[in-house]
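Trainee: I would like to learn how to read a structure like this one. Please take me through it feature by feature.

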Amino acid sequence: MATTDTVVKTPPNGSGPAPARPFRTRRGRRGNRLWVKIVVALLLVVEIYPMVWMFLTSLKSNDDYLNNSTWSLPTTWQWGNYTEAWTTGHIGLYVQNSLLAVVPALALMLLLGTAAGFALQVMVWKGRSLTLLIFLAGMMVPPQMILLPLFTVYFQTGLSGTLWPLILTYTGTGLPLTVFMMATYYRTVPRELFEAATIEGAGILRAFWTISVPLVRNALLTVGLVQFFFIWNDLLIALTFTNNQDLRTIQVGLLNFTGDFGATQYGPLFAAICINVFGTLLIYLFLNQKVMKGLTSGAVKG
């Protein structure tokens with residue numbers, strides 16, 4: 001039987017046979033990259049197309065919306081829908097009420113949550129682990145369970161008819177998550193900084209304000225932005241405690257958005273929705289890099 005010798009190429013250093021790089025592997029990698037690009041393109045279409053459709057619908061007249069196809073372009077571009085939504089639809093008032101409720105609640109939430117996270121992770125005292133568990137237990141309480149008792153308390157204390165029920169409720173419901181996240185971020189802060197500050201004669205308040213707060217500013221921005229979107233998009237709490245049209249937030253205002261004689265004007269309605277959606281989207285895009293830094297800073301310890 002005849003045999004043939006197989007020539008094996010060895011590398012110059014003579015350490016062994018050189019591994020062959022199959023052509024199929026490179027083709028497989030290119031195919032995987034192509035599929036990834038296709039999936040990303042589909043996700044972009046899924047995310048962007050509804051916003052484009054919503055913007056085009058906001059420029060339609062009521063006749064266009066009712067008589068023409070849903071996917072058709074506006075026959076006449078009604079830019080006045082935005083003016084009507086801001087004035088007749090009172091979107092300006094609703095945005096103002098939302099800011100008056102969200103900004104103080106967010107400030108209180110971040111202040112108390114940051115102080116609690118500092119006390120639970122940096123300071124050493126008996127019972128801090130149990131206290132942290134109590135805060136975490138607050139995350140498991142559904143907001144629907146506390147609405148009726150809170151409504152009774154606010155009515156008896158005379159706070160009904162103001163924005164204070166929204167401010168206090170938003171602060172209380174957002175504190176458990178804020179405390180948990182800030183305590184997690186404080187674990188990444190080196191303890192040697194606080195020990196050095198104590199040796200230099202700094203007290204607890206000075207160590208908190210001058211050392212800890214600047215170190216967790218990215219975390220503050222991240223937590224604040226997350227809580228801002230939670231509060232801004234709230235409908236249940238705002239619908240429960242706003243018994244006056246002049247106190248409606250933007251989400252409640254969009255729910256009850258009507259034109260003259262109680263008829264729904266779809267063009268101004270979608271214009272108001274665009275003002276809400278694109279406004280919050282611009283805030284996120286502007287602060288996106290800060291949010292990413294804050295998320296990664298609390299992901300690992302050390």
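Trainee: Which backbone oxygen lies 2.5 Å from a polar atom of the side chain of S58?

Mentor: A polar contact is a pair of N or O atoms within 3.5 Å; within protein, one must be able to donate a hydrogen and the other to accept it, and residues adjacent in sequence count only if both atoms are side-chain atoms. Here the oxygen belongs to F55, at 2.5 Å from the S58 side chain. The side chain of S58 also makes a polar contact with that of Y82, at 2.8 Å. This is a predicted model, in which local features need pLDDT of at least 70 and side-chain atom pairs count only at pLDDT 80 or more, while totals for chains, interfaces and linings use all residues. Residues are numbered from 1 along each chain as its sequence is written, and side-chain values use heavy atoms, with hydrogens and water left out.

Trainee: Where is S58, and is S58 buried or exposed?

Mentor: Helices (H or I, at least four residues) and strands (E, at least two) are DSSP runs, numbered from the N terminus. S58 sits in the loop between α1 and α2. Buried means under 20% relative accessible area, exposed over 50%, and partly exposed in between, with a 1.4 Å probe and protein chains only. S58 has a relative accessible area of 0%, so S58 is buried. Contact means heavy atoms within 4.5 Å; beyond four places in sequence, the contacts of S58 include Q78, N81, G267 and C274.

Trainee: What does D64 touch beyond four places in sequence?

Mentor: D64, in helix α2, touches P74, T75 and T76. The C-alpha atoms of D64 and P74 are separated by 6.6 Å, although the two are 10 residues apart along the chain. The D64 side chain makes a polar contact with the side chain of N68 at 3.0 Å. At 6% relative accessibility, D64 is buried.

Trainee: How do I read a pair of aromatic rings?

Mentor: Such a pair is described by the distance of the centres and the angle of the planes. Rings of Phe, Tyr and Trp (its six-membered ring) pair if their centres lie within 6.5 Å; planes under 30 degrees apart count as stacked, over 60 as edge-to-face and the rest as tilted. The count by this rule is 15 aromatic pairs. One of them, W53 with W71, is tilted, at 6.2 Å centre to centre and 55° between the planes. W53 lies in helix α1 and W71 in the loop between α2 and α3, so this pair ties together parts 18 residues apart in sequence. W53 is partly exposed at 22%, whereas W71 is exposed at 61%. The pair of Y154 and F241 is edge-to-face, at 5.3 Å and 75°. Y154 is in α6 and F241 in α11, so that pair ties together parts 87 residues apart in sequence. Y154 is buried at 6%, and F241 is buried at 5%.

Trainee: Where does the kink in α7 lie?

Mentor: The bend at a residue is the angle between axes fitted to the seven residues ending there and the seven starting there. In α7 a kink of about 45° lies at L175, shortly before the proline P176.

Trainee: How many helices and strands does the chain have?

Mentor: The chain has 14 helices and zero strands. Of its 302 residues, 33% are buried.
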